[in-house]
Amino acid sequence: MTSKQKKVLFRILLSAVLMVGLALLPDKSVLPFGAVGKGLAYYLAIYLIIGYDILRKACYGILNRRVFDENFLMTVATLGAFALALFEDSGDYNEAIAVMLFYQVGEFFQSYAVGKSRNSIAKLMDIRPDYANLCQPDGTIRRVDPDDVEVGTVIVVNPGERVPIDGVVIEGASSLNTSALTGESLPKEIAEGEEIISGSINMTGVLKIRTTKEFGESTVSKILEMVEDSASHKSKSEDFIARFARVYTPIVCYSALALAIIPPIVRILFIGNGAEWSVWIYRALTFLVISCPCALVVSIPLSFFAGIGGASRRGILVKGANILENLSKVKTVLFDKTGTLTLGVFEVTAMHDKEDHDNNDEEEKARLLEIAAIAECASSHPISKSLQRAYNRPIDHSRVSDIKEIGGQGITAVVDGQKVAVGNEKLMEQMGVQYCHCHTAGTIVHVAVEGKYAGHVVLGDVVKQHAAEAVKALGAVGVARTVVLTGDADAVARQTAETLGVGEVYTELLPNEKVEKVEAIISETKNGKVAFIGDGINDAPVLSRADIGIAMGGVGSDAAIEAADVVLMDDDPRKIAKAMRISNKCMNIVWQNIILAVGVKVVCLFLGAFGIANMWLAIFADVGIMIIAVLNAIRAMYIKEQ
């Protein structure tokens with residue numbers, strides 16, 4: 001609980017105690033000034049204790065020409081109740097204080113709920129490192145601001161410290177706590193030569209890391225930017241409620257004014273009875289309290305806020321309430337294959353010569369692999385990394401130049417002064433190279449040197465452990481259609497899709513063809529939204545084009561994470577269904593609160609207008625419903641594990 005919340009709670013308790021104490025006092029005239037207005041001074045003092053901030057906000061609103069808000073409604077209703085009690089000389093000021101007191105109770109619950117939700121997001125914000133241990137040439141360590149660390153610098157991370165910048169471990173091994181980033185509680189083992197991302201906590205050994213990014217481009221900075229930015233994206237429901245409140249509040253204020261004036265005038269002019277001003281003003285004030293839109297204005301944004309907070313606790317970053325709302329409408333899910341449904345960890349399973357025969361010449365095989373690995377040395381594509389891993393030797397970058405990556409096809413470069421092309425059949429056709437078609441299942445990487453075909457490397461991908469479970473779980477959350485869109489060879493992609501239970505497969509697609517296919521699927525999808533899940537640089541255009549783009553953050557490229565609407569921090573495809581379950585639950589809660597708040601208010605407004613509802617029922621219709629709605633909204637943070 002924050003100090004501000006503690007202060008409000010103290011004011012609530014103090015006011016309640018004083019109010020009860022004053023009510024129990026049989027004769028208030030024994031108190032100094034107690035005879036004036038039947039203790040009016042004491043009731044006003046309690047009223048100011050509990051409501052001075054509401055009065056101040058109402059005054060600011062009037063001065064800034066933003067009159068019609070909940071503060072204005074509360075101020076008019078409570079001061080009106082005081083005026084009526086004085087006019088009737090009843091001495092019953094409890095209703096006026098009770099309205100303000102219970103309104104503050106509702107505000108307190110709302111503030112507490114927001115704080116609770118914010119805590120989960122704040123845990124993400126806690127991933128910001130305060131310093132980096134810079135390793136100096138003389139071996140000493142200097143603590144510096146992470147912003148001052150340049151790319152390629154060696155830093156040291158001791159046990160218990162947070163990794164400040166992305167890099168590669170050059171010395172040491174340790175266990176990492178990545179729970180703040182991924183929601184995964186199991187520690188991750190890391191050793192020399194492996195990539196390490198910022199934001200995780202080093203648990204055991206000392207690590208020396210060579211940084212590969214600036215702090216502003218590191219994982220931790222990207223996450224913080226996304227979380228900060230997500231608050232600015234409102235859902236349609238939130239926008240509607242905001243517009244509704246702007247129109248609704250003036251209408252009810254003028255309606256209350258009409259209720260206070262018109263019936264007494266009608267009674268005088270047309271019926272000939274007494275005006276009964278106090279009766280109708282009391283009904284108008286009751287009407288005002290009932291009509292306050294607090295439950296809607298507070299609970300709807302809070303539901304989305306809680307939903308985003310709950311998702312972030314599970315390693316799912318949702319970039320705004322509008323995205324969370326759209327997730328509940330997804331009926332078609334499109335997958336990239338490599339890195340999304342498969343690990344993207346390819347292994348060289350065969351090397352064939354120019355005629356698709358097993359190459360038994362070890363020297364020739366080594367030369368083929370060397371050319372492919374050197375040409376692909378600048379690419380972050382899983383196939384490139386696999387070739388480099390299979391090569392298993394340091395790459396002399398001075399041997400390669402003029403590297404050009406052709407999306408969905410491969411790479412051309414100059415290696416040892418010779419023009420080399422490494423990629424799929426489309427690249428060979430584009431380069432005019434006569435190649436042989438490989439009949440082995442797997443990803444085929446053809447190699448051409450100086451326009452002449454040199455052979456090909458066969459790579460096999462590994463399906464992710466939970467990929468089939470993830471595809472099955474989508475059906476349980478209402479996804480009717482699953483599709484794989486991939487640039488991979490037809491045989492390999494179909495085999496993978498069949499293994500995982502994906503309904504449709506479109507293969508050998510270039511990035512622009514993926515975009516065209518996504519647009520075609522969106523146009524033919526009559527009901528629901530279309531989501532695309534991918535990770536690579538070439539997925540960025542598709543992630544932007546789909547109704548909802550979901551990126552695999554752990555192995556995904558920066559471009560994919562930037563373009564995506566949702567980022568899964570640990571690359572677990574099961575979290576796609578989990579994100580949709582959170583969204584579904586959040587939207588259910590939003591509609592429950594809308595129906596509850598509007599339904600109760602409509603009934604109570606009629607009762608108030610006809611004099612059946614008194615101020616206490618009005619308090620329940622406003623503050624009571626707001627508290628129920630707020631408590632209901634908090635449920636969006638929690639979802640059962642399946």
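Reader: In this predicted model, does D166 count as buried or exposed?
Author: D166 sits in the loop between β3 (154-157) and β4 (167-171). Its relative accessibility is 4%. Buried means under 20% relative accessible area, so D166 counts as buried.

Reader: Are α8 and α19 roughly parallel or roughly antiparallel to each other?
Author: Helix α8 covers residues 277-291 and helix α19 residues 574-609, and their axes come within 9 Å. The axes cross at roughly 175 degrees. Angles over 145 degrees count as roughly antiparallel, and α8 and α19 are therefore roughly antiparallel.

Reader: How do the residues of the contact of α8 with α19 divide by class?
Author: From α8, W280, R283, F287, I290 and S291 meet K601, C604, L605, G608 and A609 in α19. These residues divide into six nonpolar, two polar and two charged.

Reader: What is the handedness of the crossing of α8 and α20?
Author: The axes of α8 and helix α20 (residues 615-634) come within 8 Å and cross at roughly 15 degrees. That angle makes α8 roughly parallel to α20. The crossing of α8 and α20 is right-handed.

Reader: Which classes of residue does the contact of α8 with α20 have?
Author: Y282, L285, T286, V289 and I290 in α8 meet M615, A618, I619, A621 and D622 in α20. By class, this contact has eight nonpolar, one polar and one charged residues.

Conventions:
Residues are numbered from 1 along each chain as its sequence is written. This is a predicted model: local features need pLDDT of at least 70, side-chain atom pairs count only at pLDDT 80 or more; totals for chains, interfaces and linings use all residues. Side-chain values use heavy atoms; hydrogens and water are left out. Axes are lines fitted to C-alpha atoms, for helices over the stretch in contact, and angles run from 0 to 180 degrees between N-to-C directions. Helices (H or I, at least four residues) and strands (E, at least two) are DSSP runs, numbered from the N terminus. Angles under 35 degrees count as roughly parallel, over 145 as roughly antiparallel, 65 to 115 as roughly perpendicular and the rest as oblique. Contact means heavy atoms within 4.5 Å. Ala, Val, Leu, Ile, Met, Phe, Trp, Tyr, Cys and Pro count as nonpolar, Asp, Glu, Lys and Arg as charged, and the others, Gly among them, as polar. Buried means under 20% relative accessible area, exposed over 50%, partly exposed in between (1.4 Å probe, protein chains only). A crossing is left-handed if the near helix is turned anticlockwise from the far one by less than a right angle, and right-handed if clockwise.
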